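Please examine the structure shown here with attention to its aromatic side chains.

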Amino acid sequence: MNAKLITALCTLGLTATLVVGQSIEDVAPANSVVVAGVKNAQRANENFERTRLYQLFQHAHIRELIERAEKEFSEGPFAEIAAELNFDPEMLQKPSGSVGMAIFPVIDPEIGRPAPHMIALADYGDQADEVEKFIERLLERGERDNLIEYERNRVLGRVVYSFQIVEPEPDPVDDEFDFDFSLFPDPLDLIGHVERMHIARNDSTFMFSSDFSSLSESLERLDGGHGDRIQDREDFRGVLSQVGEENGGFAVILTRDMLQVLAPLDEMGMGMMIQPMLRSTFGDIHGYGLALRFGVDDAIAHIKYSLFMPRGKGGLTSLIDTAEPREDVPAFADVDTTSYSRSTVRFDRVVGVIRQIIQSNPMLAMEMEPQFREMEPILNEFFGTLGQEVISIGSLRRPLDVNSSQNLFAVEARDPEGFENFISQHAPQMGFEPRDFLGQRIYTNEDIFGGMMMMPGGMAQSVSIGIGGGYVFAGNTQGVEQALRMMSQPGEESGLAQQDTFRRAVANLPDGRFASWSYLNLVDQLEATFKIGQLTAEQMNREMREMFPEMADEMAGNDVDNPFEALDFDVVRQFIGPAVSEMHATDDGFVGTTILLAADED
């Protein structure tokens, strides 16, 4: 019961994060790390309701699965209070105006260290009075049941409700044996310092924050008060200029104060030590952007994403800033292909980037630079044989079984003979044995994991490296052999390129030159991932029962009912089509677009 009531209270503010916000820029502190919002939630919802994805959610089969999943949340104090007030809980999920959320660091005065806090808002328009009544009744109910304690305060003419959860008395015996044996930081430490939550109403907008002072300052900003605002920051404006924010949702992540937000997970201060190395590895990234729009043209959704790098590329990002026109799909992308991507990678710069990363950290340089100098000639020899084109292919062999998923990587071979000489010299040291295949040399490791996967549900993984048709191939042995077979047949066309679904999808890509572009048969990939996971789990259970019957019985007793196990993917195929993506370099970073298409109604 506690969890359900607290969930109800949090929903009032976190609705903003689910639907995402408009005037969040007006209230977000200037040191915000995450800012997300929707300019007009009602319009965004109307755009969504015009899509085939919305129609899918209205299908009887999907509605049944959703209702089964939601049943647990339709009971308890939240529903009881809603019934008493004749209040529709769905209204909380549909603000009519702006919605948003921001996460930012605040210095904890007790320990003098920063910790993350949040503020969210949602505009409920002419339903605001009903929402406020519901909030008051929910708080009163929580206090009556001794689940929370709350109080009212007035800030700049507004009522602010502040509440905290009533914690049970700790068990002294449990405390005595409460040792932390974890090897990794606990993400819950990010919110462990939050003791009180605060709700304020400004006209028809409700604001929800974990820090009273920040909420008060936000109210001052709304009243026209002075002070730094997130819109005044060049990095925030730069990211938004890359992805846009009109007619949809947006999210911005800024890196300047990221370490302060993550401080509860980094008591040793390691972040400051590795920050220079991270910049050398990935470049000086000031921010990340994301924008989502529904119902654009015939697509379900347009997703735009970006890296904001106003000082130029560096590290790994300098390897992918070269643009090339979209070329024909090679023959080895056959009819079983479910995902295809092509990228341009500057392998001739790799060794220099590795050197830069090592030298960026004095401790790392002291330990690794002598070894790197020994390896440098070998690395130069290897990368010198490769061109710039990199192709990644995912395919499915039907009927589906635990080995149906195949992955293949193809890299342009600038010097095939040089690569052949290199691999023949070094492959045996990595467990790869040479053999002939269709007149070509292929190198195979029958168990790349060296037996590590031979546990319940595991299987040996045969991996091969082959050379043919101007490419170096690597991946599952079956996929490498098929690629070499296709490339050995002059005039053979790509089975993928001849599919109407693929042609219709890539026609949505703009003309131009890309650092990378890709195609994904989304529903087929999701179905395979789900069903292969089920088949693997069933195989693991059978083997576990043979090896450890008592443990298998105990694990079976912990199974959780998942209504989506009954999901009919043929229903999903009627509504959801493939997705295509592209990414290109700009003067201030990278910008990419993903387009999710509706299924062809023909």
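The following paragraphs consider the aromatic pairs and then the charged groups placed over rings.

The model is a predicted one. A pair of aromatic rings is described by the distance between the centres and the angle between the planes. In this model the count comes to 14 aromatic pairs. One of them joins F382 and F419, with 6.0 Å from centre to centre and 45° between the planes, a tilted arrangement. Because F382 belongs to helix 14 (residues 362–383) and F419 to helix 15 (residues 416–426), this pair ties together parts that are 37 residues apart in sequence. F382 is partly exposed, its relative accessible area being 23%. F419, in contrast, counts as buried, at 4% relative accessibility.

The pair of F502 and Y519 is edge-to-face, because the ring centres lie 5.0 Å apart and the planes stand at 75°, where an angle over 60 degrees is required. F502 is located in helix 17 (residues 500–506) and Y519 in strand 20 (residues 516–520), so a helix and a strand that are 17 residues apart in sequence at these positions are tied together by the pair. Both F502 and Y519 are buried.

F382 and F419 also take part in a cluster: ring pairs link them with F347, F383 and F422.

Charged side chains complete the description. K313 lies over the face of F590, 5.4 Å from the centre of that ring. The charged end of R326 is placed over the ring of W517, at 5.5 Å from its centre.

Terms used:
Residues are numbered from 1 along each chain as its sequence is written. This is a predicted model: local features need pLDDT of at least 70, side-chain atom pairs count only at pLDDT 80 or more; totals for chains, interfaces and linings use all residues. Side-chain values use heavy atoms; hydrogens and water are left out. Rings of Phe, Tyr and Trp (its six-membered ring) pair if their centres lie within 6.5 Å; planes under 30 degrees apart count as stacked, over 60 as edge-to-face and the rest as tilted. Helices (H or I, at least four residues) and strands (E, at least two) are DSSP runs, numbered from the N terminus. Buried means under 20% relative accessible area, exposed over 50%, partly exposed in between (1.4 Å probe, protein chains only). A charge sits over a ring if NZ of Lys or CZ of Arg is within 6 Å of the ring centre and within 35 degrees of the ring normal.
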